[in-house]
Amino acid sequence: MRLYEFEGKKLFADFKIPVPEGKIATSPAKAEAIAKELNKPLVLKSQVLTGGRGKAGGIKAVENPADAKKIAEDLFKLKIKGYSVEKILIEPKLDIRQEIYLGVTIDRVNYKLVVIASAEGGVDIEETAEKSPEKVTRRSFDIDAALYTFNAIDISKSIGLPSESVKSAASIIINLFKLFKAYDAKLAEINPLVITNDGELIAADSRISLDDDAVFRHPDLAAMGIEKRHEEGEMTSREQQAKEWGIPYLDLDGNIGMFPGGAGFGIMGNDFIHYYGGKPANFMDSGGGPTPERLTKMLVLLDDNPNVKAIFGARFGGISRCDDFAKGVIMFLKDHGLSKPMVCRMTGNMWQEGVRMFAEAKKENPELFKRFEFHGIETPIEEISRRAVELASEAEGGK
Amino acid sequence: MAILVDKNSKIMVQGITGGAGKFHTKRMLEYGTKIVGGTSPGKGGQEVEGKPVFDTVAECVKGTGADTSVIFLPAQFVKEAAIEAIRAGIKFVVVVPEHIPIHDMLLVRKEAMQYGCTVLGGNTAGIITPGEANLGIMPDIAFKAGRVGTVSRSGSITYYIANTLTDSGYGETTCVGLGGDPILGSTFDEILWMFEQDDKTKAVVMTGEIGGVYEERACDTISKMKTPVIAMVGGIYAPPGKRMGHAGAIVEGKMGTAKEKLDALEAAGAHPAKTFLDIPKILQKMDV
């Protein structure tokens with residue numbers, strides 16, 4: 001989960017990393033009051049969980065505090081990559097002599113923590129790393145290793161910091177590394193770490209992402225008002241609904257509703273649809289052993305989606321059995337009803353029983369099954385994919 | 001022959017008295033897997049499915065000669081359980097639970113390297129050597145002893161591929177699930193190299209996925225292998241994944257799209273397959 005800049009700076013302050021004395025405004029009036037109180041040249045920074053806000057006009061310098069209200073009004077109206085601005089961080093403007101980059105992250109391939117530093121901080125750091133790798137220092141550490149003062153001084157010297165800044169920089173590096181470990185972070189970045197004209201080092205920005213799977217170890221975050229949230233990205237209403245139901249779901253721009261088994265085939269099944277000339281309307285993961293209620297909800301998401309013209313279903317019965325799967329689908333047909341054509345295949349654990357249950361339910365109530373084609377192991381999944389594409393294009397043609 | 005597990009493996013279950021532990025111990029035994037015992041602190045002396053329960057892994061190793069462990073415990077207990085097993089001399093640990101904290105897995109991996117232990121997972125469906133041993137939660141229905149090895153991240157993909165290999169008469173030597181968590185105990189290259197050393201394995205099917213970092217690392221190994229490798233990568237048409245800040249890009253480089261991964265694997269000498277039905281066709285051409 002990604003933290004807002006101001007939340008990251010709270011953690012920085014807790015770890016003795018210097019940050020500007022900032023305040024949060026939730027309205028233009030509040031911004032005006034804060035500006036009056038600080039009464040010096042300021043920066044107003046939109047708080048959004050995405051990058052590139054500077055380029056999108058989300059950061060504004062205010063020389064005269066009296067202008068703060070008007071500028072805040074404009075910022076609150078902004079949409080930055082689809083995110084609305086609900087909070088503005090107001091800070092004194094810094095006199096910048098130099099901008100440094102400092103980051104800690106995980107090298108998943110080599111199973112190490114990596115500290116990265118460069119004397120050329122700012123938004124172009126990735127380009128610098130690619131074109132002039134000698135300007136970027138990287139040092140790897142084992143997860144249980146300490147980062148000693150001499151390591152931190154070595155890092156500071158390696159990027160050519162002037163002697164008078166080396167000690168302050170080293171202490172910031174050590175503290176950022178401590179914060180990273182203490183909060184189970186995936187990423188902790190200070191970009192830029194500013195050296196002011198007075199020679200002070202101060203974290204002008206923060207970017208922190210924590211491991212969702214370790215948030216349980218940090219109840220103090222909730223106490224600080226930092227609630228569990230998604231990494232990034234604004235959800236569609238269907239994605240929001242799916243999230244409430246606990247179903248991993250993403251909207252895509254095609255017309256075939258995807259109703260697959262686990263995440264692995266959830267991803268690959270979408271490729272199969274493309275191979276046969278179709279386009280999926282979504283990605284979805286049923287999770288292991290979905291209950292009939294959960295299967296029903298998954299189908300409701302697809303059937304209620306006006307973009308969906310046909311539904312593709314696949315179940316490889318593992319621990320989750322195909323008879324349970326059939327039970328869920330039949331429950332959906334009875335309770336909600338199927339308004340789109342759907343083709344579905346079952347194989348694996350108890351697939352014959354699943355097919356038998358479908359056949360029996362169909363005999364009882366053929367009307368419910370008029371848009372539903374079901375198959376067992378005899379039909380390869382490739383053929384089901386092809387058929388789903390065919391059904392969707394027939395439905396589009398029939399409009 | 002097979003890799004990592006066979007009929008001689010002496011397997012223990014950590015968390016054997018829990019709901020999932022009990023349920024899967026029974027299933028694994030029914031398959032003929034040689035489960036010798038398990039652990040559950042405070043429940044030493046009890047039995048599950050006729051197998052002895054110990055308080056610690058060290059006691060279980062001493063009492064049963066266990067050399068392999070399957071973990072069925074909530075994610076927050078996995079770090080200590082895995083390290084306990086590794087330090088007690090267990091050589092192969094299968095981590096079934098998902099959502100293991102990343103920092104925990106870094107430590108587990110470091111310990112495993114230090115003690116010469118192989119760890120699979122987290123979030124793996126497990127590993128199966130058909131006819132000999134089934135560790136984890138995979139249903140045995142798709143598998144049959146044969147001559148092709150498989151390695152993939154996801155359980156559902158493993159079933160589909162094994163099913164295809166079984167139906168087309170090739171069968172499998174060992175099927176390995178690396179797991180779906182963002183950081184894994186073992187990587188594609190390590191498992192591929194084990195297959196390369198295995199006489200029975202005449203070809204390997206590896207299935208990568210968008211978003212991982214381990215596929216590219218397999219290229220070097222594939223180029224050194226004599227055993228042919230068939231490669232699939234899921235997510236060719238998936239929307240591009242999210243990157244993690246500047247640091248992520250600097251450390252991991254540009255995150256490969258599924259198509260780039262597949263191209264890289266092909267350039268290293270792997271045979272690309274688009275759908276499952278391509279696999280037997282490619283095997284036939286290679287005369288496996």
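1. Strands here are DSSP runs of E with at least two residues, numbered from the N terminus. In this predicted model, strand 10 of chain A covers residues 185–196 and contains A:Pro192.

2. On confidence, chain A has a mean pLDDT of 91, and 97% of its residues reach 70 or more. Among the elements of chain A, the lowest mean pLDDT, 83, belongs to strand 5 (residues 83–84), while the highest, 98, belongs to strand 11 (residues 201–203).

3. A:Tyr111, in the loop between strand 7 (96–107) and strand 8 (112–118) of chain A, has a positive phi near 60 degrees. This residue counts as buried because it has 22 C-beta neighbours inside 10 Å, where 20 or more are required. B:Glu49, which is not a glycine either, has a positive phi of about 55 degrees and is found in the loop between strand 3 (47–48) and strand 4 (51–54) of chain B. With 15 other C-beta atoms within 10 Å, B:Glu49 is partly exposed.

4. Within chain A, the axes of helix 2 (residues 28–38) and helix 3 (residues 68–77) come within 8 Å and cross at roughly 140 degrees, and the crossing is right-handed. Helix 2 of chain A contributes A:Pro28, A:Ala31, A:Glu32 and A:Ala35 to the contact, and helix 3 of chain A contributes A:Ala68, A:Lys69, A:Ala72, A:Glu73 and A:Phe76.

5. The contact between the chains takes 52 residues from chain B and 52 residues from chain A. On the side of chain B that touches chain A, the elements giving two or more residues are helix 4 (102–115), helix 5 (155–167), helix 7 (214–224) and helix 8 (245–252) of chain B. Helix 8 of chain B supplies the largest share of that side, seven residues. The residues of the side of chain B that touches chain A comprise 30 nonpolar, 15 polar and seven charged.

Notes
Residues are numbered from 1 along each chain as its sequence is written. Chains are lettered from A and ligands numbered from 1 in the order in which they are written. This is a predicted model: local features need pLDDT of at least 70, side-chain atom pairs count only at pLDDT 80 or more; totals for chains, interfaces and linings use all residues. Axes are lines fitted to C-alpha atoms, for helices over the stretch in contact, and angles run from 0 to 180 degrees between N-to-C directions. Helices (H or I, at least four residues) and strands (E, at least two) are DSSP runs, numbered from the N terminus. A crossing is left-handed if the near helix is turned anticlockwise from the far one by less than a right angle, and right-handed if clockwise. Two residues are in contact if their C-beta atoms, placed from the backbone, lie within 7 Å. Ala, Val, Leu, Ile, Met, Phe, Trp, Tyr, Cys and Pro count as nonpolar, Asp, Glu, Lys and Arg as charged, and the others, Gly among them, as polar. pLDDT is the predictor's confidence in each residue, from 0 to 100. A residue is buried if 20 or more other C-beta atoms lie within 10 Å of its own, exposed if 12 or fewer, and partly exposed in between; C-beta atoms are placed from the backbone.
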